[in-house]
Amino acid sequence: MDSIKKKRTDKAVMKEQIVLAASKAFMQKGVKMVRMDDIAAGLSMSKRTLYELFHDKEDLLLDVMKLHRDEMHEYMAEVASKAENVLEVILKFYQRSAQDFQKTNRKFFEDMEKYPKARNYIAESRKENLDAAMEFYHKGVEQGIFREDVNYDIVRAMVCEQMDLLIRSEVCQDYSLAEIYETLVFMHMRGISTKKGLEIVDNFLLGLKGNEHNKNG
């Protein structure tokens with residue numbers, strides 16, 4: 001019984017190592033450019049062992065995406081436990097997403113078109129995030145942070161479509177995904193915020209600039 005438990009533990013540890021290595025490679029080079037052979041060689045394991053744990057590259061890609069989703073959920077739960085209002089939570093979510101964009105090659109997003117299971121998973125995760133955002137919008141209206149005269153169903157639909165459109169547009173040739181994302185986010189956050197909300201957004205931005213200054217200094 002102990003030997004079976006140990007095998008299961010070893011298998012779980014090995015899967016975690018593979019997912020972490022694949023995540024780094026996919027983000028840096030895109031999914032298409034990374035072969036299963038490359039991942040196996042990088043971890044000094046046989047390709048056979050890799051395929052015993054993951055049926056194919058898309059199977060591995062799904063586990064990479066689940067890892068990022070779990071990490072974001074954990075991060076957001078911690079943020080929400082300390083935040084004074086919903087806007088702080090939303091801004092922290094966008095900040096974390098922008099940091100992820102900075103570390104991710106645009107090819108990663110373009111390659112998603114070739115993996116239907118991954119596309120479906122992204123759509124599912126996005127719907128979950130947008131449903132949660134709707135709750136935050138309504139709570140923000142109650143807290144006097146977001147405007148009452150805004151149709152948040154339209155805001156939800158626009159946020160959903162904007163990044164997909166931009167990734168396929170020529171704008172991405174001139175600016176990084178992170179820069180485009182940050183601009184869109186703060187443009188729309190300022191647009192739906194009340195005077196009280198704008199103060200929170202501006203203070204958040206000042207804090208970010210202060211952190212950047214300290215890093216560079």
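The residue in question is I122, which is found in helix α7 (residues 116-142). Which residues is I122 in contact with, leaving aside its neighbours within four places in sequence?

Reply: The model is a predicted one. In it, I122 belongs to helix α7, the helix of residues 116-142. Leaving aside neighbours within four places in sequence, I122 is in contact with M65 and M112. The C-alpha atoms of I122 and R69 are 9.8 Å apart in space, although 53 residues separate the two in sequence.

Side chains of opposite charge can pair when their charged atoms come close. The model has 13 salt bridges by the rule applied here. In helix α4, E78 and K82 lie four residues apart, about one turn of the helix. These two residues form a salt bridge, with 3.2 Å between the closest N and O atoms. E78 counts as partly exposed because its relative accessibility is 47%, whereas K82, at 63%, counts as exposed.

K57 is buried yet has no salt bridge. The nearest side chain of opposite charge to K57 is that of D111, 7.2 Å away. A salt bridge requires the nitrogen and oxygen atoms to be within 4 Å. Not counting residues up to four places away in sequence, K57 touches F26, V31, K32, V34, M36 and Y115.

D38 pairs with R35, the closest N and O atoms being 2.9 Å apart. With a relative accessibility of 32%, D38 counts as partly exposed. D37 forms a salt bridge with K47, and here the closest N and O atoms are 3.2 Å apart. This pair links distant parts of the chain, since D37 is in helix α2 and K47 is in helix α3, 10 residues apart. Both partners count as partly exposed, D37 at 33% relative accessibility and K47 at 40%.

The loop between α2 (36-42) and α3 (47-53) contains S44. The phi angle of S44 is near 55 degrees, a positive value in a residue other than glycine. S44 is exposed, its relative accessible area being 71%.

A last feature is a pair of helices. Two packed helices are described by the angle between their axes and the distance between the axes. For helix α5 (residues 86-102) and helix α10 (residues 177-192), the axes come within 8 Å and cross at roughly 165 degrees. Angles over 145 degrees count as roughly antiparallel, and α5 and α10 are therefore roughly antiparallel to each other. Their crossing is right-handed. On the α5 side, the residues that meet α10 include L87, I90, L91, F93 and Y94, and also S97, A98, F101 and Q102. Their counterparts in α10 include L177, A178, Y181 and E182, together with V185, F186, H188 and M189.

Definitions and conventions:
Residues numbered from 1 in each chain as written. Predicted model: local features only at pLDDT ≥ 70, side-chain atom pairs only at ≥ 80, totals over all residues. Heavy atoms only, no water. Buried < 20%, exposed > 50% of the residue type's maximum accessible area, 1.4 Å probe, protein only. Lys, Arg positive; Asp, Glu negative; His and termini not counted. Contact = heavy atoms within 4.5 Å. Axes fitted to C-alpha atoms, helices over the stretch in contact; angles between N-to-C directions. Helix = DSSP H or I, 4+ residues; strand = E, 2+ residues; numbered from the N terminus. Parallel < 35°, antiparallel > 145°, perpendicular 65-115°, else oblique. Left-handed = near helix turned anticlockwise from the far one by under 90°.
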